[in-house]
Amino acid sequence: MLTRRTPLRAAAVAALLSMFAAPALAQEPGLTPTSIKIGLFGPLSGPSMSYGFDVMNAARMYYDKINAEGGIHGRKIELSVQDDRCNANDLVAAVKKLVEQDQVFLLNGASCSAAAVAGKDYVVRSGVPWLMLNASADGALYPPQPNIFGAFSISQRAMGGSIVEFAVKQLNAKKIGYINHDDAYGAWNLEAAQFQAKDNKVDLVVESVNPNISDVTAPLLKLRAANVDVLLIATYARPAQLILKKAYELGFTKPQVLAVNAIANVQQLSENVGSKDAFKNVYIQEVLADKPGSEKLKWVYDMYKTSYPDLASKPDHPQVYMPYGIPSAMAVVKALQDAGPDLTRAKFIEAAKKLNFDSGVMAGPIAFGENERAAQKASIFLKFDGAEMTRVPGAFASRWTYQGQ
Amino acid sequence: MIMNPITNRQVLDLPIRESGAKNRNRIISGGALVVALAVLTVVLPFVTSGYVIYIANLLLVFTVLSLGMHIVIGEAGQFSLSHAAFYGLGIYTAGLLNNAFGLPLILNIIAGGLVAGLCGLAIGFLSLRMRDIYLALSTFAFGEAMQWIFLNWTPVTGGPNGLNFQPAHLFGFTFLSDKAAYPVVLILALVFVAATFVIHFSTLGRSFRAVRESEIAAAAVGIDVKRVKIFAFALSAFYAGAAGGLFTTFSTFIHPESLGFHTTILVLTMVVVGGIGSVSGAIGGAIVFGLISELLRQVPSYQEVIYGGILILFMMYLPRGIFSLIGRR
């Protein structure tokens with residue numbers, strides 16, 4: 001029933017509602033009219049520091065560049081930096097500090113896959129957008145979560161699919177020998193490798209080995225007996241060295257292709273295998289757009305030297321993974337630009353889903369989709385003779401997509 | 001250095017009872033600290049962020065872990081370097097039971113403690129045949145072997161990909177945040193603290209300490225040394241396993257890398273720096289060193305140097321532990 005007091009009450013309720021509603025709309029965490037706060041995290045200490053220290057520096061220098069150019073829709077990027085030590089508990093603590101205490105708008109971090117997976121549940125529950133750095137972290141990307149984006153270097157699955165594509169299209173292999181690990185990472189790269197082999201109508205002969213294997217004779221003899229046309233080595237660095245050495249000793253002369261996670265240091269690889277003759281028919285997978293140090297990537301290394309002259313003068317810098325920080329920061333910036341000036345986390349996530357751009361740094365485009373949260377799926381290949389690397393033309397992409405298993 | 005006159009071996013340097021006034025002052029300062037901590041723990045969720053509560057939850061778990069190590073090393077005087085393995089057994093048992101059967105949190109924690117306790121029982125039998133550095137190496141080997149199993153038994157533990165758990169639940173309430181889990185973690189941690197004090201003052205606690213000081217003298221007064229040593233290992237492992245179960249209250253993921261020797265060393269550091277042989281030392285060591293570790297994360301470039309420096313200073317100037325300042329209990 002309407003009374004004389006009804007309009008008064010309605011006005012009072014409206015005023016009360018507006019008191020709560022207006023700030024709620026304006027108060028996206030980490031956002032002011034002049035700034036966007038981003039939580040940048042990765043390993044800044046501990047034994048795994050090399051996976052992320054310079055990757056974070058690369059992201060930071062890219063954000064500095066954007067700020068110097070005027071920011072995004074009038075907002076400057078402010079960074080809140082945390083060390084995750086590449087450790088699951090520390091990553092969760094870092095993420096919680098950034099989200100709940102520092103009140104960042106979005107997260108940009110993680111260089112180590114196992115630690116990154118630890119943060120998944122919390123990030124999904126909190127709804128904060130998270131774009132990883134160089135962690136492959138298939139475990140956090142599949143099944144896709146609404147607000148988590150990653151694999152800016154390459155996912156394990158894309159690594160497996162891409163290397164098979166190279167063997168088929170470049171080396172004309174019909175029967176492919178594939179050595180991976182018998183762990184979760186091995187299962188992931190094998191899943192896409194099998195898909196790509198089936199799609200290309202070639203055979204894949206698989207030998208899965210323990211990551212701590214010390215004698216690789218048996219799996220190699222089996223693959224030699226299967227008369228494979230090419231040997232794909234998707235193991236970690238130490239078993240990969242054993243495989244190359246043993247393949248040479250067994251007189252295996254067919255092409256051998258080392259996956260990106262099988263190479264920690266090419267010089268060390270060459271020294272540990274021992275003989276230069278073992279590298280007569282060896283290729284290595286690379287996820288950058290070109291050889292490290294090439295003209296195409298010169299701008300990244302130049303930017304690093306300008307931004308961090310002291311670090312750049314040290315012998316171990318920039319670290320090998322440094323360029324991987326650029327595409328991740330680029331994706332953050334592009335999604336912020338696409339989301340528009342009336343920024344919200346929901347708009348940012350929608351914009352991130354639609355990203356599709358060439359970073360100029362990685363082998364393939366950075367592209368997400370409604371059901372795709374792994375950014376980069378291509379790689380290039382380099383012929384390696386034990387000392388020099390020569391680029392093989394073209395890039396080779398994985399076609400595996402998540403089908404909701 | 002104090003020597004045992006019967007065995008001619010070095011014994012733990014326990015403090016001599018001090019004068020009444022000094023003792024009273026210490027009791028008052030200790031009591032004030034306890035009251036301050038009690039108030040802080042109660043008001044914490046209302047005045048701070050989820051991040052701080054997450055750290056508080058972790059510290060409470062480490063407190064239970066430290067108490068477990070205190071029982072075997074501080075009370076019973078036995079070397080044990082496999083605490084991270086027992087902790088891991090507790091986490092995996094509780095998490096897997098929750099995933100498979102959706103059991104309530106308390107049952108998962110008890111199961112985690114029991115599985116770890118049974119393994120501790122087996123290690124306890126080792127202690128009958130070895131001592132000192134040999135026992136330390138054997139328990140270290142067990143810890144390493146368990147981490148290898150956590151890393152490689154992929155179908156069960158998730159291997160190097162780690163293992164996700166369903167959020168824990170109790171009486172129909174699911175723990176989806178650190179703040180929601182905090183009261184339960186706090187209450188259960190306090191239960192373990194109380195139990196440790198009860199053990200400390202019980203016949204069992206006195207038997208532990210008798211064995212620690214001299215197995216021969218303990219046997220001479222009728223203590224079954226073998227049984228006491230085995231029980232110390234089993235009880236210590238139960239605490240560690242239960243701490244693992246407690247961890248699943250607020251965390252839904254575990255990776256084997258978190259269960260390596262460094263975790264055992266961290267807990268050992270907490271117990272030693274807190275004050276070996278002291279219950280309050282084990283608690284204080286866990287809180288102080290847990291906090292130091294987290295605070296040092298904010299200064300990544302210097303944290304290893306600062307951490308090492310703090311440890312050396314503690315050992316130099318407070319060899320009986322932080323809590324020797326306020327009492328030994």
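Me: Which residue is the bridge partner of A:Ala378 in β15(A)?
Reply: This is a predicted model. Strands β14(A) and β15(A) run antiparallel and are joined by 6 bridges. A:Ala378 belongs to strand β14, residues 378-384 of chain A. In β15(A), its bridge partner is A:Ala397.

Me: Which residue in the hairpin of β14(A) and β15(A) takes a positive phi?
Reply: The hairpin has 4 residues between the strands. One residue there has phi near 100°, and that residue is A:Gly386.

Me: Which residue of β14(A) is the bridge partner of A:Val282?
Reply: Strand β11 (residues 282-286) of chain A is joined to β14(A) by 5 bridges, and the two run antiparallel. The partner of A:Val282 in β14(A) is A:Phe384.

Me: How many of the 7 residues of strand β14 of chain A are buried?
Reply: A residue is counted as buried under 20% relative accessible area. Strand β14 of chain A is largely enclosed by the rest of the structure, because the number of its 7 residues that are buried is 6.

Me: Is A:Gln196 buried or exposed?
Reply: A:Gln196 is in helix α7 (residues 184-199) of chain A. Among the residues it touches, leaving out those up to four places away in sequence, are A:Gly161, A:Ala397 and A:Trp400. Its relative accessibility is 0%, so A:Gln196 counts as buried.

Me: Is A:Gln403 buried or exposed?
Reply: A:Gln403 lies in the segment after β15 (389-397) of chain A. Its side chain makes a polar contact of 2.7 Å with the side chain of A:Thr401. The relative accessibility of A:Gln403 is 60% and the cut-off is over 50%, so A:Gln403 counts as exposed.

Me: How far apart in space are A:Gln403 and A:Asn371, C-alpha to C-alpha?
Reply: In sequence, A:Gln403 and A:Asn371 are 32 residues apart. In space, the C-alpha to C-alpha distance is 8.8 Å.

Me: Is A:Ala137 buried or exposed?
Reply: A:Ala137 lies in the loop between β5 (130-131) and α5 of chain A. Its phi is near 45°, a positive value in a residue other than glycine. With 1% relative accessibility, A:Ala137 counts as buried.

Me: And is A:Lys201 buried or exposed?
Reply: A:Lys201 is in the loop between α7 and β8 (203-209) of chain A. It has a positive phi of about 60°, although it is not a glycine. Its relative accessibility is 74%, so A:Lys201 counts as exposed.

Me: Which residue does a cis peptide bond join to A:Pro318?
Reply: A:Pro318 is in the loop between α12 (309-312) and α13 (325-339) of chain A. The cis bond has omega of about -5°, and the residue it joins to A:Pro318 is A:His317.

Me: Which residue of chain A meets B:Asp178 in a salt bridge?
Reply: Chain B and chain A bury about 2500 Å² between them. The count of salt bridges between the two chains is 1. The N to O distance is 2.6 Å, and the side chain that meets B:Asp178 is that of A:Lys96.

Me: Which helix supplies the largest share of the side of chain B that touches chain A?
Reply: Across the interface of chain B and chain A, 12 residue pairs are in polar contact. Several helices of chain B each supply at least two residues of the side that touches chain A, including α5 (132-152) and α10 (225-250). The largest share, 6 residues, comes from α2(B).

Methods: Residues are numbered from 1 along each chain as its sequence is written. Chains are lettered from A and ligands numbered from 1 in the order in which they are written. This is a predicted model: local features need pLDDT of at least 70, side-chain atom pairs count only at pLDDT 80 or more; totals for chains, interfaces and linings use all residues. Side-chain values use heavy atoms; hydrogens and water are left out. Buried means under 20% relative accessible area, exposed over 50%, partly exposed in between (1.4 Å probe, protein chains only). Contact means heavy atoms within 4.5 Å. A polar contact is a pair of N or O atoms within 3.5 Å; within protein, one must be able to donate a hydrogen and the other to accept it, and residues adjacent in sequence count only if both atoms are side-chain atoms. Two strands pair if DSSP finds at least two bridges between them. Buried area is the accessible area (1.4 Å probe) that two parts lose on being put together, summed over both. A salt bridge is a side-chain nitrogen of Lys or Arg within 4 Å of a carboxyl oxygen of Asp or Glu.
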